Amino acid sequence: MKTVGSAESLVPNFIVVIDDLISKNVFRQSEAKLEEKPAKMEFSLEKLTKYTGYYRCPDDIKNFKVRIKYVQVPAGDPDPDPEKDEDDDDEAPKPPDEVKFEWQSKVIGWQQKHFSKSESDFYSDPLNCVSDLEKSFHEQLKEQGEGTGEVYTYVQGEGYSDEEFASKMTRLQYLVENTDEAKDLLQVEDDDFDFTKHLQSSIRNNIIPTHVEKMYIIADLGESIEDIWIKDERLLHTLKYEANTQVLSVYPDFTTVEPYFIKLTHSDGIKYFLYFLENYSEASDEYNRQEREVLQKVTEYARDVKKRVIGNKFPLPPKNKLYVYLFLEILSARNFEYPDVYVRYYIDLPDGWCCERPETLQGRTRTCHAVNDENLLHFGHCSETVLQYNLQNLSETGVPKTPYIYFEVFSQGSWGRYRTEGLAYRNLPVSQPGRHSYNLSCFRFTQGKSAAIDKMVVDTVGTGELKVRMNVVHQSQAFLKEFSEGERTDRFIYEKLNSSSLIKSVDEVLHAFRRARRNMLEVRKDL
Amino acid sequence: MAEVHIIGQINQAKDFPKQHLFCKWHLQIGNNWRVISGKREGQTQVSYSQFGGTTTWSFPIDIHLATAGLQGWPKIYIEVYHLDWLGRSHLFGYGLVTVPTSPGSHTLDCYTWRPFGSLRERFVQYFLGGGLQLKYPDLIFSSGERYKLSTEAMGVVSFDLSVLLRNFTNYGIEYN
């Protein structure tokens, strides 16, 4: 599979690394402008792994352009290391020291013919041009003059065959037929996996691309000996485009940082041919516009779907109300004396607060049987309730009274006896939305009765521990953007409410109403 | 219309009496709520740990919801099962946990329980496995009926959840 001589330093790997097919977009990539390389550069010439780059090309392939930059440089000082094998192809050449590179570059469009010296001689004679393609080459030559560069192209229809690729295919088939070697090569140790079968089936099911257009970028790296040009044609790049899937493959892939190189053994010494291949295409306006349109359509559709599913109505509380959504969870308890325990809770609402569904203000859990040394109890009780606060009270009282939640832990003994195991209470975190967890320590009255407590000193004893969690969310029209004044830096809910213009406007309305009422009464008195 | 993303995982189970556990989960939402994308229920793989008593599932959850009201905020309902060496699965716990209402990433513990049978039922359960199950697990959601149950504490299932909220501020909602 190696081509003539020892100069082919980059043996293509058998296993082709397939790059991420989707994420790369050849036209997108080009939006970042390619930087001009400075004329003088130092390369640490390391062997670049050649692999195929696959690119999605949603735009017209006619807009695709590559730029190849190349230079031929003599090698640096001969390597003093005598052990080194001169003919070793895999060895990276030494970087040419302090050589001023004179890069030449050529922009090549898709299926754009560039002529070599011998080709331009050939096609400039109309007698040589028989087929349509050849005639078009002749016309092209007449327009642009003679091709001179050492880099040129073969386009679709010229009958140039891709030897590397062909040899790779035979190699693959060879491996399939000689399974032992295939196994050795891939070091499959698992006997259960029939490697032959799967490899064969993957080859059999191989999707054969039918509409493939190819073009090749070629360099003639020959030399002239005694005025005779000895041709040395090298394939630099193979570009393939599959029109059905709009996928472009570039082998070897684009490079912008490190050049590929070819080692040349010429009569006047070893030389290196260095070359870069860059994606030089520019995204067309048409393509950008299309993409924007598609994106817009997608987002509009998603919005429509959501609207259709949910509708656009999200009920707001009345203007004078603050809604406090309370999601209460009674999680677990421990260290209560008796094993079968349940919890009752009750939310006490002070003045200014109300609840549309008072039955949600109280509840009880399942009975749970304690396990392990700690008498662990799991309740996992979830409930939710909506507390409403009248915002007019806020202007009168300043800081509103806080609702409290009371817990009572009961044990259920045999014979249906119930005991109060513990009591706990907590002010609800209504002023701070978010998630709150509490470990409440419970106590019990020593007299054994919870009711009828006089206002005197009572003896209590600490019992178990209750774990509860609350999620609090607020909703009020006062929080709407239209009513907030300036930056929202207030930390606490009542400050937020007080700074809202809605509250002020409600106050003003109330004052105006009271004034009007007083006036009206006075007017009536006079009558 | 406001939107909620719940992204995370059912992380692990601890303090269960046995290993080889799997978990069925279901997102419980109110009538106002709709699932826009993502799976609303699922089942984890059977998992056991050779080291320590925790069973790790790391089962992914990714749901996108839309709502027209805060009532019926999402809750995750789980059923934990034990798969024994005969291939039978036994109920090991029910659990219900409220998804946090504040955005951000949260670690959430769900305290599970299972029905606690009579002495004879527990005796049978001890030797033969199995045990009581709820005929109508729906009654876990209705707090009214729940108190008739007698249960015992089982393990804790922990969740790692990230909550993303969108457009709630347009409706005068403050969540943190």
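Which residues does E79(B) touch, not counting residues up to four places away in sequence? I started there. The model is predicted, and I kept that in mind throughout.

**Entry 1: E79(B)**

I placed the residue before listing its neighbours. E79(B) lies in strand β6 of chain B, which spans residues 75-83. Leaving out residues up to four places away in sequence, I listed F22(B), C23(B), K24(B), G93(B), Y94(B) and P137(B) as what E79(B) touches.

Next I checked its charge. E79(B) is buried and has no salt bridge. The nearest side chain of opposite charge belongs to K24(B), and I noted 4.8 Å between them. A salt bridge needs nitrogen and oxygen within 4 Å. K24(B) is still on the contact list of E79(B).

Which side chains make polar contacts with the side chain of E79(B)? I found Y77(B), at 2.6 Å. I also found Y81(B), at 2.8 Å.

**Entry 2: cysteines**

How far is the sulfur of C23(B) from the closest cysteine sulfur? The distance is 8.2 Å, to C110(B), and that is too far for a bond. The cut-off for a disulfide is 2.5 Å. I counted zero disulfides over all chains.

Is C23(B) buried or exposed? C23(B) counts as buried because its relative accessibility is 0%. I looked up C129(A) as well. At 8% relative accessibility, C129(A) is also counted as buried; the limit is under 20%.

**Entry 3: chain A against chain B**

I then turned to the interface. On the chain A side I have 47 residues, in contact with 53 residues of chain B. The size of an interface is often given as the accessible area lost when the parts come together. For chain A and chain B the buried area is about 4,100 Å². Carbon and sulfur atoms give 60% of that area.

How many salt bridges cross the interface of chain A and chain B? I found one. K75(B) and E384(A) form a salt bridge through their side chains, at 3.1 Å from N to O. K75(B) falls within β6 of chain B, residues 75-83, the strand that also holds E79(B).

Which elements supply the chain A side? I noted that α7 (285-310), β12 (321-334), β16 (367-369), β17 (377-390), β20 (434-445) and β21 (460-475) each supply at least two residues. β17(A) gives the most, with eight residues. E384(A) of the salt bridge falls within the range 377-390 of β17(A).

Note on methods: Residues are numbered from 1 along each chain as its sequence is written. Chains are lettered from A and ligands numbered from 1 in the order in which they are written. This is a predicted model: local features need pLDDT of at least 70, side-chain atom pairs count only at pLDDT 80 or more; totals for chains, interfaces and linings use all residues. Side-chain values use heavy atoms; hydrogens and water are left out. Helices (H or I, at least four residues) and strands (E, at least two) are DSSP runs, numbered from the N terminus. Buried means under 20% relative accessible area, exposed over 50%, partly exposed in between (1.4 Å probe, protein chains only). Lys and Arg count as positive and Asp and Glu as negative; His and the chain ends are not counted. A polar contact is a pair of N or O atoms within 3.5 Å; within protein, one must be able to donate a hydrogen and the other to accept it, and residues adjacent in sequence count only if both atoms are side-chain atoms. Contact means heavy atoms within 4.5 Å. Buried area is the accessible area (1.4 Å probe) that two parts lose on being put together, summed over both.
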